[in-house]
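This report describes one protein model, from its overall form down to single residues. Look through the sequence and the structure before reading on.

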Amino acid sequence: MNEILEPHVIFIADLHLLAAAPRKTKNFIKFLAEIASQADALYILGDFFDIWLGDDDQNEFITIIKQALRNHTVQHAVYLLPGNRDFLLGKQFAKDTGVKLLYDPTLIDLYGNPTLLLHGNKECSNSLIHNIYLKVVYNQLFQRLFTNLLPLMFRQKLANKMRKISVEANRKKTSTIKKLNREKVLALKNKYHPTQLIYGHLHLSNQYQELGINCFSLPAWDDEATPYLYISATQQEFA
Ligand SMILES: [Mn+2]
């Protein structure tokens, strides 16, 4: 990494922050102060939280994260694109933190390169069942019904069950899927014409060419590691 930093942005994903992992929360707050504060912007590409039950959920852990983001966004831009674990992040969270929420996918101009940002879960499979599932879960009405009709306590119980299933799915996922589904990437290419694509979800640090697109797959955080992707006009590297 350069000693004198040129203008750059930072990308992270899959921190999976949760109350039971205070070390990660601490590392994230340190990361904001030491790494993100040097960048023009911080992009978080999904699964920032291990689970997000709705903006009405409140506890000490959530308050600490919100406060850290609030302090940081006074001076620095933070963009958050929700993932499959925290897709219920909404307007109230954005208001409380100063974070700008992004749609999945979002096309940005990154130092002259049209760059498509996504979480990646929607592009992992092209099976019929998976596509139907996505239509239901990402339906706005379904999301509103879920948060409005189900009491928070019930959502918390449901989340615990879902987390157990998801841990198992994650274990399988990382062992078999190494890249996004090619047909889905082709559809994105035809619609958005990106030269770069940045995503998380697979928990893999990877850079490769697909259909002429420069693809970056972001690694997940764990208790120790706080990996990120650094992109400036002249450099693109994982740190
Ligand atoms: Mn994910």
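Two residues are in contact if their C-beta atoms, placed from the backbone, lie within 7 Å. The model discussed here is predicted. In it, Thr25, Ile29 and Leu32 of helix α1 meet Phe61, Ile64, Ile65, Ala68 and His72 of helix α2. Helix α1 covers residues 22–34 and helix α2 covers residues 60–73; their axes come within 10 Å and cross at roughly 5°. Angles under 35 degrees count as roughly parallel, and α1 and α2 are therefore roughly parallel to each other.

**Overall form**

The protein has seven helices and 11 strands. Its radius of gyration is 17 Å, close to the 18 Å that the globule rule gives for 239 residues, so the protein is as compact as a globular protein of that length. Along the principal axes, the C-alpha atoms fill a box of roughly 50 × 45 × 30 Å. Of the 239 residues, 30% count as buried. Among contacts between residues at least 6 apart in sequence, 74% join residues at least 24 apart.

**The nonpolar core**

In soluble globular proteins, nonpolar side chains tend to be buried together. The largest nonpolar core in this model has 45 residues. Those with the most contacts inside this core are Ile10, Phe11, Ile12, Ile44, Leu45, Ile198 and Leu218. Strand β1, residues 8–12, gives the most to the core, with four residues. Leaving aside residues up to four places away in sequence, Ile44 touches Ile12, Ala13 and Leu80.

**Strand pairing**

Strand β7 pairs with both β6 and β9. The table lists these two pairings.

| Strands | Residues | Direction | Bridges |
|---|---|---|---|
| β6 and β7 | 113–118 and 196–199 | parallel | four |
| β7 and β9 | 196–199 and 213–217 | parallel | four |

**A glycine in a loop**

Gly90 is in the loop between β3 (77–80) and α3 (91–97). Is Gly90 buried, exposed or partly exposed? A residue is buried if 20 or more other C-beta atoms lie within 10 Å of its own, and exposed if 12 or fewer do. Gly90 has 17 other C-beta atoms within 10 Å, so Gly90 is partly exposed. Gly90 and Asp55 are 35 residues apart in sequence, and their C-alpha atoms are 6.4 Å apart in space.

Technical notes. Residues numbered from 1 in each chain as written. Predicted model: local features only at pLDDT ≥ 70, side-chain atom pairs only at ≥ 80, totals over all residues. Helix = DSSP H or I, 4+ residues; strand = E, 2+ residues; numbered from the N terminus. Rg over C-alpha atoms; globule rule 2.2 N^0.38 Å. Core = buried A, V, L, I, M, F, W, Y, C linked by C-beta atoms within 7 Å. Pairing = 2+ DSSP bridges. Axes fitted to C-alpha atoms, helices over the stretch in contact; angles between N-to-C directions. Parallel < 35°, antiparallel > 145°, perpendicular 65-115°, else oblique.
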